[in-house]
Amino acid sequence: MSGPLFPRWTNTVSRLSAAALLAVPAIGIGGLMAYVRSPYVTGQQRPVEQPIEFDHRHHAGDEQIDCRYCHWSVEEAPSAGIPSTTVCMSCHAQVWNKSPYLTKVREAFFSDMPIPWIRVHNLPDFVYFNHSIHVAKGVGCATCHGRVDQMAAVEQVAPLTMAWCLDCHRNPEPHLRPTEFITSMTWTPPEDKTKAADLGRQLAEAYDVHSRESCSTCHR
């Protein structure tokens, strides 16, 4: 009588092969999901070098210049606005008006050409985002942009993924602040969790904030 067609160890091989067939796709999908959410893809923590050296630590930190002085349309338009050379020269016509660091600013101003600033926070074209409505509802600049007053070169702090946006849209109250502190880089909610939750509810009611989760909110 002849022996078995396959040796006993082939049972182990078949089990391992079946497990691998199931595990490899799962690991691949999981790895891909982790990759697209990583800072390498989202662009986080990468200081962007601009055509002109502009230190937010000095302007927004030391000098306490309000965000709205340069990003003047943030309360009225979808875009926060990029400061024109006129805005720059409104100060630097008197301050450091002969500094070599500002040569390109002066050249742009006198030639009536815009400064080619490089965008840091860049959403896909199929995403609609309106700065003015968020500001009006009590979402502070630092909530999405981080502590800009501590950045030599501005970098993207938040992932700006759909999941990140939806987390806030589903539960906006913890992210709200009084509008008089909308541009403050140092404002924090009360340390007491109960008081912080109460403040969030009060602000949501006062500013008529509602969760927006439908696709058409951002994809129009």
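A pocket, on a 1 Å grid over the protein atoms alone, is an open set of points where a 1.4 Å probe fits, with protein on both sides within 12 Å along at least five of seven lines; its lining residues have an atom within 4 Å of a point. Grid points are joined across faces, edges and corners, and a volume is the space filled by probe spheres set on the points.

The model in the viewer is predicted: local features need pLDDT of at least 70, side-chain atom pairs count only at pLDDT 80 or more, and totals for chains, interfaces and linings use all residues. Residues are numbered from 1 along each chain as its sequence is written, and side-chain values use heavy atoms, with hydrogens and water left out.

**First stop: a pocket**

Select Ala60, Gln64, Ile65, Asp66, Cys67, Asp149, Thr183, Ser184, Met185 and Thr186, which line the second largest pocket. This pocket has a volume of about 160 Å³. Its lining consists of four nonpolar, four polar and two charged residues. Here Ala, Val, Leu, Ile, Met, Phe, Trp, Tyr, Cys and Pro count as nonpolar, Asp, Glu, Lys and Arg as charged, and the others, Gly among them, as polar.

**Second stop: residues 16–36**

Next, select residues 16–36, which an unreviewed UniProt entry annotates as "transmembrane region". UniProt annotations may be inferred rather than shown by experiment. The chain here is 100% helix and 0% strand, with its end C-alpha atoms 30 Å apart. Helices (H or I, at least four residues) and strands (E, at least two) are DSSP runs, numbered from the N terminus.

Now select Leu32, Tyr35, Val36, Tyr40 and Val41, a nonpolar surface patch with about 510 Å² of accessible area together. Such a patch joins nonpolar side chains (Val, Leu, Ile, Met, Phe, Trp, Tyr) within 5 Å, from residues with over 30% relative accessible area and no salt bridge. A salt bridge is a side-chain nitrogen of Lys or Arg within 4 Å of a carboxyl oxygen of Asp or Glu. Accessible areas come from the Shrake-Rupley method with a 1.4 Å probe; for residues, only the protein chains shown count as cover. Helices H1 (9–36) and H2 (39–42) each supply at least two patch residues. H1 gives the largest share, three residues, and Leu32 is found in H1.

Select Gln45, in the loop between H2 and helix H3 (56–62). Gln45 is not a glycine, yet has a positive phi of about 55 degrees. Then move to Leu160, between helix H8 (141–145) and helix H9 (162–170), where phi is near 60 degrees.

Terms used: Patch = residues over 30% accessible without salt bridge, like charges linked within 9 Å, V, L, I, M, F, W, Y side chains within 5 Å.
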